[in-house]
Amino acid sequence: MVEIENYSAVYQDGNHSLLALDRVTFSLNEGYITVLIGESGSGKTTMANAIMGLLPKNTVTEGSIRLNGDELTHLDDDSYRKLRWRTMAMVFQNSAAVLNPVQRIVNQVAEPLIYHLGIKKEEALQITEKKLAHMSISSDEMFRYPHELSGGQIQRTLFAMALILNPRVLILDEPTSAMDAALKAFMISLLKELKSKGTAILLITHDLDLAVKTADEAIMLYLGQIMEVLPARDLMQTLFHPCTVAMCRSFPTMDAVRDLGGMRGDAFYRYTHVHRLSDGKTEPHVHIAAGADREGGHAPILGCLFRPRCTQAVEECGRTSIQLTQAGTHKVRCVRGGIVDLLQLKQIKKAYGRITAVDNASVSLRAGEILTIVGETGSGKTTLAMIAAGAIEQDSGMRTFKDRTIDEWIKNERFSFASEVGIIYQNPAESVSHRFTVYDIVAEPLHIQNKSSGAAASKKRSGTQNEEERKKVLNALTDVHLPVEPDFLMRHPHELNMGAIQRLCIARALVHDPVLIVADEPTSALDPSVQAKVIKLLLNLQIEKGLTIIFVTHDIGVARKISDRICVMLAGRIVEIGPASKIINEPRHPYTELLIDSARGELIHFESPKSEQSVSPDGCPFANRCSRRVGKCLEMNPPCSNVQGQSHLFWCFNPVVLFSYDKKMRTDGEK
Amino acid sequence: MKHNIFNVLIINRWFVFGIILAVLLVIVFTAGAWFSRYDPYNASFSPLSPPSARHWLGVNDGGMDIFSELMYAVRNTVLFGVLSAAAALALGIFAGLTAAWKGGLTGNILMRLSEVIMSVPPVMIMIIVASFMRPSAVTLAFTLSLVSWPTTAKAIRSQALALRERMHVRAARDMGGTSSYIIVRHLLPELFPLYLIGFIAKLRMAVFMEASLAFLGLFDPARKSIGSMIRYALQYYYLDVWLNWLIPPVVCFSLIIMSITFLAISLEEVFDPRLKEI
């Protein structure tokens with residue numbers, strides 16, 4: 001119905017011009033809900049206003065907006081006025097300011113009926129009352145003035161106003177920002193109803209939950225550019241662009257189990273102006289207002305806009321101009337094709353003598369992701385993590401890191417691999433030498449790689465420290481919020497508390513600026529308050545530095561708080577792996593369910609082993625303890641199955657079908 | 001932690017006695033050597049003269065000044081001990097660390113070898129070597145170190161094996177630390193108590209050994225040693241010269257051994273619980 005093609009908009013602002021939209025192309029279709037997401041200032045509302053022809057007069061625009069094939073950008077005010085309300089309607093964001101304060105709302109809502117259709121006032125008021133009642137505004141409230149209504153009521157009034165002429169195109173700008181949860185549910189059903197009637201809807205929201213529940217297609221805007229176009233159901237789950245990932249990680253849904261993340265750095269606006277170069281040519285420049293990291297605040301025209309805040313930016317991101325490219329069902333604007341796979345483990349096997357520690361485990365890890373490996377003691381989780389970190393060699397299987405084979409990498413360039421991966425160990429006090437000072441502990445990875453470490457050490461004694469080394473150490477200490485006073489640097493670990501030592505270990509792991517952090521039960525030796533601090537610290541580091549973290553823990557409660565994905569291990573095998581929210585809320589493997597239920601302190605179906613039947617080595621490792629066991633569980637290992645359309649894998653013949661929540665409801669009902 | 005060790009040591013009675021004794025002995029013998037005006041090999045005095053203002057401890061049967069002789073003898077004996085102990089320690093550390101780090105065949109061979117050596121009494125080997133080959137004192141000191149390294153090597157190896165699995169050592173290895181880095185920065189400092197105890201024990205053993213061999217007459221008879229002094233003095237024990245000839249070297253020897261023993265006891269008391277704790 002509405003097609004937007006290569007549409008750019010530049011706001012004039014004194015000497016500057018603000019580039020609000022940059023060659024945006026998309027379309028709104030009948031019975032189709034498109035959602036625009038993005039931070040404030042990303043151009044969402046500008047887009048809506050542009051479609052409605054409501055941009056300020058001095059705005060410079062380019063490209064076309066077509067309604068059923070008719071160009072809208074050249075229309076004069078009168079023709080536009082005829083279109084508005086009848087064909088296209090909009091619910092504005094700043095609700096109260098839109099209404100006339102001296103008119104009763106019922107009169108205001110009836111106005112389009114009278115103006116556009118020429119219906120008599122009495123009749124119009126009747127239609128209006130019906131419409132308002134449909135929006136659950138009582139007959140008493142209809143005759144109030146806008147200032148007598150609450151924010152939610154005003155929002156619904158505006159809705160009624162926009163829908164009164166049954167427009168074909170509806171634009172909703174942050175419809176739910178003033179609504180409580182119950183009204184939001186009402187809004188969702190309303191949107192679905194409109195959708196079934198064939199209305200083309202453009203939803204502008206930062207409420208991703210609403211987007212997932214109602215929309216068909218989601219468009220991620222960043223500084224006026226489309227970064228990713230994706231099916232809306234993939235939001236919160238399968239995302240490609242780092243910008244979308246950061247956005248979704250920041251949003252609190254009911255499902256989300258992880259602590260909220262965020263996007264690092266600050267948003268800024270894009271200013272364009274024209275510079276005259278020395279050779280007489282002119283070249284338009286894009287200015288980044290808050291981009292102090294660039295000389296003169298000039299950003300090159302080329303390159304990705306998200307680069308300064310992106311956690312996986314490479315040099316190439318700044319060089320080429322990047323187009324939206326198709327990636328599966330998504331379209332992504334990223335040189336690297338979205339978030340890259342950082343680490344891949346394929347069919348890893350490792351045995352210590354007769355004991356199999358890891359059996360045929362395959363995991364892949366995307367950049368900037370936190371994967372938690374949970375499982376009981378001896379399930380091989382530490383071994384798997386250490387194989388990933390390059391600290392242990394596997395017996396068979398492939399491991400690649402940044403598309404290079406780890407084994408070869410270690411063999412040829414031990415040091416360069418060691419700088420890519422930082423390891424945090426279980427027991428902080430044990431993992432540092434008590435003879436080292438704080439400075440020596442953090443500088444140790446540098447000393448190891450610096451061949452003249454002996455010379456450096458002797459230099460230090462004479463008081464002239466290697467400046468670069470010192471800077472790195474102090475940065476790492478600042479990152480983990482430890483003091484950097486000379487007095488503190490000369491302390492020994494036994495003078496510090498456990499939490500400080502663990503942060504010291506984190507600083508040591510960070511000093512080379514690694515990409516991957518492998519943390520082996522980093523908090524199990526800490527008391528809860530210190531543990532909370534360390535976890536917060538790791539999460540913040542993850543956001544700021546875009547670290548990829550493999551977190552090993554036996555505590556599913558901790559795993560729940562920090563992970564993007566959870567991998568459940570049992571007897572060396574991965575039994576279930578998937579997005580954290582799915583694993584926690586809808587576990588499929590009985591063992592995962594057992595872990596979660598025991599963590600909740602309610603063993604719903606714990607039974608003593610059914611029989612002492614021996615499980616063959618090929619059988620499911622959980623077979624003997626499993627209440628859902630079927631015959632073949634004893635003989636063969638279940639194949640991998642996945643929950644439809646999701647990256648949630650499990651290995652079970654007879655998976656848990658009812659989710660704990662439903663199950664509880666049912667048992668309560670039976671009582 | 002280093003300052004803590006000293007704090008613990010200073011309140012240990014054995015250590016205080018031992019160190020005071022050792023310091024006194026060092027002062028007495030350095031100062032004494034300064035005061036002894038005679039060449040110990042100068043045999044021009046009248047034999048068996050009693051102590052006098054000129055000869056504080058008298059003159060022996062060969063016409064030599066006993067005081068000067070004693071000064072030289074103590075120095076020779078102690079130097080022999082230090083040399084042998086140091087060499088044994090170096091060998092022990094090297095063998096122990098190699099066995100721990102390399103493991104496998106090398107480690108096995110080293111450990112079996114050390115067991116073979118430990119099963120043979122060192123006195124026997126020393127007597128055989130000294131009597132048949134008649135080497136110089138320095139060579140003999142090294143020979144002694146060749147038979148006394150295994151105990152240190154075994155202790156070092158077992159501690160190094162335990163240390164190797166310690167988290168901070170594993171961490172250093174995961175960070176890409178080379179063997180030499182880990183040994184120098186992590187293992188050697190941690191093993192410090194072992195060297196100290198090992199050195200003191202070896203010193204005591206070597207001093208004793210030197211005195212015994214000299215007493216048996218297996219050294220060059222012309223070499224001044226506490227053992228040989230006692231041996232010669234014993235031949236005249238029926239005369240009253242034993243007072244000034246026999247007693248001084250015996251007392252000196254006892255004091256030296258006592259001081260070393262006290263130090264050894266104190267060090268073991270202080271370090272052992274810590275070693276177990278590790």
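Reader: Which way does α6(B) pass α9(B), in a left-handed or a right-handed crossing?
Author: Welcome! In this predicted model, local features need pLDDT of at least 70, side-chain atom pairs count only at pLDDT 80 or more, and totals for chains, interfaces and linings use all residues. Residues are numbered from 1 along each chain as its sequence is written, while chains are lettered from A and ligands numbered from 1 in the order in which they are written. A crossing is left-handed if the near helix is turned anticlockwise from the far one by less than a right angle, and right-handed if clockwise; for α6(B) passing α9(B), the crossing is right-handed.

Reader: How are α6(B) and α9(B) oriented, roughly parallel or roughly antiparallel?
Author: Helices here are DSSP runs (H or I, at least four residues), numbered from the N terminus. Helix α6 (residues 137-164) and helix α9 (residues 192-216) of chain B pack at about 160°, with axes 11 Å apart. Angles over 145 degrees count as roughly antiparallel, so α6(B) is to α9(B) roughly antiparallel.

Reader: How many residues of the contact of α6(B) with α9(B) are nonpolar?
Author: Residues are in contact if their C-beta atoms, placed from the backbone, lie within 7 Å. In α6(B), L144(B) and A155(B) are among those that meet α9(B). Ala, Val, Leu, Ile, Met, Phe, Trp, Tyr, Cys and Pro count as nonpolar, Asp, Glu, Lys and Arg as charged, and the others, Gly among them, as polar. Beside 4 polar and 1 charged, the nonpolar residues number 7.

Reader: Which element gives the most to the side of chain B that touches chain A?
Author: Here 13 residues of chain B are in contact with 18 residues of chain A. With 5 residues, the one that gives the most is α7(B).

Terms used: Two residues are in contact if their C-beta atoms, placed from the backbone, lie within 7 Å. Helices (H or I, at least four residues) and strands (E, at least two) are DSSP runs, numbered from the N terminus. Axes are lines fitted to C-alpha atoms, for helices over the stretch in contact, and angles run from 0 to 180 degrees between N-to-C directions. Angles under 35 degrees count as roughly parallel, over 145 as roughly antiparallel, 65 to 115 as roughly perpendicular and the rest as oblique.
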